[in-house]
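Here's a quick tour of a protein model with a ligand in it.

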Amino acid sequence: MMTQLNRQFLLAQRPVGLPSRDTFSYVESPLGEPGPGEILVKNLYLSLDPAMRGWMNDAKSYIPPVRLGEVMRALGVGQVIASQHPDFAVGEHVNGGLGIQDYFLGEPKGFYKVDPSRAPLPLYLSALGMTGMTAYFALLDVGAPQAGETVVISGAAGAVGSIAGQIAKLKGCRVIGIAGGAKKCALLIDELGFDGVIDYKNEDLNVALKRECPKGVDVFFDNVGGDILDAVLSRLAPKARVIICGAISQYNNKEAVKGPANYLSLLVNRARMEGFVVLDYAPQFAEAAKEMGGWLASGQLKSKEDIVAGLQTFPETLLKLFSGENFGKLVLKVD
Ligand code: NDP
């Protein structure tokens, strides 16, 4: 009998700047069988996230870095094909830290079941997964938007931003998205119902912010950091809330992260800037997913997935996040 092989991408070196194919080593390892308390999962869809860049650094963060030689960490959905765990049966679908590989073998720590008859599997990585939970809790808990307020979202055509903007619309806010390029900006208005857009690649940010936010910015959902954060800080309304969800413009820096020069706007406007980590809200995920599921079913929320096929394309596909080639949630389909 032929031994089944598991194609895997391991972290080979810690990148300086943008990762490349050399950041990873590709191996084909013989597939083992689950021991007591373990499951074997056939990976189907893997989530590609900007956070993966941070996990490659040997730096203190909200979770430990990926170790050199370890399978590159990634969330994903897959199907259980062998199990020695009482809570997971063969045939069931799971969401968890599957890693960039064909099969996951190990203890299903933090794994939970998903039902492909209720929603297509990639949706469990976008609106109904960590992405949707990030948009939901960062906006509603940290941003606390009120109807009629102006909400500005950077990275608005990305996975988190596109959902956060739609939730803000559902809450009766005026929503302005910042994204790169005319095509993405048009999609935000035409498909997702944003009220206004700023194409940060082709227009002056300060001029555009004044045009789109004449009364100032009440809530800023920041996914990007750097110059965009600075520009929005200079347009805050009194008592504004700035949600620090991410800073993708800084993740591949070779120099120190660029801090906001305009932070005294927080003082002048009695405003608040607060960091957010989605993992803190895990006990409330099921409840939020239920509400998101309702919005999806009624058509009030659209989930966009950008699905690329081929495990082998992983190093190049990951880079789409940093070149801005994705619209919505970037997902790798394991073929
Ligand atoms: P996205 O789908 O938004 O992907 C990345 C997008 O960011 C690109 O499409 C691009 O859009 C934009 N971008 C990339 N580089 C730059 C740059 N230099 N300047 C401006 N925009 C850039 O990713 P996610 O939605 O998954 O994540 C969004 C943010 O949320 C990230 O910062 C991520 O780290 C963070 N996050 C935080 C979590 C938390 O718990 N705090 C949890 C999950 C995500 P464009 O074409 O418009 O430039």
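## Cysteines

Let's start with cysteine 185, which counts as buried at 6% relative accessibility (buried means under 20% relative accessible area, exposed over 50%, partly exposed in between, with a 1.4 Å probe and protein chains only). Its closest cysteine sulfur belongs to cysteine 213, and at 13 Å that's too far for a bond. A disulfide here is a pair of cysteine sulfur atoms within 2.5 Å, and the structure holds zero of them.

Cysteine 245 is in no disulfide either: its nearest cysteine sulfur sits 17 Å away, in cysteine 173. With a relative accessible area of 21%, cysteine 245 comes out as partly exposed.

## Ground rules

This is a predicted model, so to speak of a local feature takes pLDDT of at least 70, and side-chain atom pairs count only at pLDDT 80 or more, while totals for chains, interfaces and linings use all residues. Numbering runs from 1 along each chain as its sequence is written, and side-chain values use heavy atoms, leaving out hydrogens and water.

## Around the ligand

The ligand has 25 residues around it, and Val160, Lys184, Tyr200, Tyr251 and Asn326 come nearest (a residue is near if one of its heavy atoms lies within 4 Å). By class, that shell has 15 nonpolar, nine polar and one charged residues. For the classes, Ala, Val, Leu, Ile, Met, Phe, Trp, Tyr, Cys and Pro are nonpolar, Asp, Glu, Lys and Arg are charged, and the others, Gly among them, are polar. Both domain 1 (5-126 + 304-333) and domain 2 (130-279) supply at least three residues to the shell, with bounds from an automatic or database domain assignment.

Which atoms make polar contacts (N or O pairs within 3.5 Å)? Tyrosine 200 puts a polar side-chain atom 2.5 Å from a ligand oxygen. Valine 160 uses a backbone N or O atom, 2.7 Å from an oxygen of the ligand, and asparagine 223 also brings a backbone N or O atom, at 2.9 Å from a ligand oxygen. The protein covers 90% of the 920 Å² of accessible area that the ligand has on its own (Shrake-Rupley, 1.4 Å probe). Helices α3 (159-170) and α9 (314-323) are the elements that give two or more residues to the shell; helices are DSSP runs of H or I with at least four residues, and strands are E runs of at least two, numbered from the N terminus.

## A spot on β2

Glutamate 28 is in strand β2 (residues 24-30) and is partly exposed, at 46% relative accessible area. Glutamine 8 is 20 residues from glutamate 28 in sequence, with 6.2 Å between their C-alpha atoms.

Note on methods. A polar contact is a pair of N or O atoms within 3.5 Å; within protein, one must be able to donate a hydrogen and the other to accept it, and residues adjacent in sequence count only if both atoms are side-chain atoms.
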